[in-house]
Amino acid sequence: MRSGLVAVAGRPNVGKSTLVNALCGGKVAIVSDKPQTTRRRISGIANGPGHQLVLQDLPGFQRPRDPLTERMQRTVDESLGDDVDGILFVLAADERLGGGDRFIAGRVFTGERPVVIALNKVDRLKPDRIAARIAEAAALGDFHALHPVSALTGDGVDALRADLVELLPEGPAYFPEGDVTDLPLEARVAELVREAALALTREEVPHAVTAQTEELEERRVAVTLFVETNSQKGILVGKGGRMIREIGSRARPEIEALLGRGVFLELTVKVRPKWRRDEAMLTRMGI
Ligand SMILES: Nc1nc2c(ncn2[C@@H]2O[C@H](COP(=O)(O)OP(=O)(O)OP(=O)(O)O)[C@@H](O)[C@H]2O)c(=O)[nH]1
Ligand SMILES: [Mg+2]
């Protein structure tokens, strides 16, 4: 069988995680309309007839501002330098290609590994504009294949997967069949709570939120959300606890689907000043 690793690179918010989920046929990574959603490397495993494709979802390329974003960018740098069989370079078709994309192109088109370009979000474009975007994307570097796709609708995803599998050498399965990710269950649960918090907040709040699963029992799941300031805590809790209840009702069905059972979800919000600069805490969170 063919098996191997493909790292997923691109600017924040271009749809890398959505695309990894679509390629794996299940929810591996959380998604949001805010940049910098993905903070750690997450393997998404796509099993198919005669292949196991392991996609490494990564944070978006960024200029680091603090220890959190430094670690995120280090993860990206290390993962692209790792022994991967190819790189999936994701671009957003609904925006003009910019300096950020060209900078990343300089990093991925090194000639060492085949690069497959996914021009994502084509559902947002009129068909007559797709050709121009393809031409722009094609000028970025010497690619192995270029696929216009929509991670949201699934358009083009099967053809993209088939091309990625072609990059893989003969080898054994690295993960048991049935696994979709390498993330421990506790981390996946915490991520689902963070996803709900990201969806419902804006401006600086999403960036200041992290979540940690405290207890994962048969019927009860306890997760703590950490923020950096009291005012952020006030926003997450909301008037009379309205916001935290909404976060809970959004996250709970997803957690139940993941666990395959009904649970009582207990959420707590705590202030941890400057956790984004706390190296020990970042290590504990696996970032
Ligand atoms: N219309 C449309 N929206 C998409 C598509 N793919 C992703 N999105 C949206 O784009 C936003 C960002 O998606 P993510 O998958 O979180 O992007 P990302 O590249 O992983 O972002 P970071 O983890 O922050 O680097 C979300 O609001 C998605 O719903 C697509 O094919 N079409
Ligand atoms: Mg992501």
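Strand E2 (residues 42-48) and strand E3 pair in the antiparallel sense over 7 bridges; two strands count as paired if DSSP finds at least two bridges between them. Helices (H or I, at least four residues) and strands (E, at least two) are DSSP runs, numbered from the N terminus. Within this pair, Asn47 stands opposite Gln52 of E3. The hairpin of E2 and E3 has 2 residues between the strands, and Gly50 there takes a positive phi near 75 degrees.

This is a predicted model, in which local features need pLDDT of at least 70 and side-chain atom pairs count only at pLDDT 80 or more, while totals for chains, interfaces and linings use all residues. Residues are numbered from 1 along each chain as its sequence is written, and chains are lettered from A and ligands numbered from 1 in the order in which they are written.

E3 also pairs with another strand. Strand E1 (residues 2-9) runs parallel to E3 and is joined to it by 6 bridges. Arg2 has His51 as its bridge partner in E3. Strand E3 (residues 51-57) is mostly covered, with 6 of its 7 residues buried. A residue is buried if 20 or more other C-beta atoms lie within 10 Å of its own, exposed if 12 or fewer, and partly exposed in between, with C-beta atoms placed from the backbone.

The protein as a whole has 10 helices and 9 strands, and 43% of its 287 residues count as buried. Taken along the principal axes, its C-alpha atoms fill a box of roughly 55 × 40 × 40 Å. What radius of gyration would a compact globule with 287 residues have? The value would be near 19 Å, and the protein agrees because it has 19 Å. This radius is taken over C-alpha atoms, and the globule rule is 2.2 Å times the number of residues to the power 0.38. Of the contacts with a separation of 6 or more, 69% are between residues 24 or more positions apart; a contact means that the C-beta atoms, placed from the backbone, lie within 7 Å.

The protein is divided into domain 1 (2-166) and domain 2 (185-284), with bounds that come from an automatic or database domain assignment. Their centres, taken over C-alpha atoms, are separated by 27 Å. Domain 1 gives 9 residues to the contact and domain 2 gives 12. On the side of domain 1 that touches domain 2 there are 3 nonpolar, 3 polar and 3 charged residues. Here Ala, Val, Leu, Ile, Met, Phe, Trp, Tyr, Cys and Pro count as nonpolar, Asp, Glu, Lys and Arg as charged, and the others, Gly among them, as polar.

Ligand 1 has 24 residues around it, and Gly15, Ser17, Thr18, Thr38 and Gly60 come nearest. A residue belongs here if its C-beta atom, placed from the backbone, lies within 6 Å of the molecule. This shell has 7 nonpolar, 12 polar and 5 charged residues. Helix H1 (residues 16-24) supplies the largest share, 3 residues.

Two loop residues complete the tour. Val149 lies in the loop between strand E6 (145-148) and helix H5 (157-166). Val149 is buried because 27 other C-beta atoms lie within 10 Å. Beyond its neighbours within four places in sequence, Val149 has contacts including Leu19, Leu119 and Leu160. Val149 and Leu119 are 30 residues apart along the chain, and their C-alpha atoms are separated by 5.9 Å.

Asp85 is in the loop between helix H2 (67-81) and strand E4 (86-92). Asp85 counts as partly exposed because it has 19 C-beta neighbours inside 10 Å.

Key. Two residues are in contact if their C-beta atoms, placed from the backbone, lie within 7 Å.
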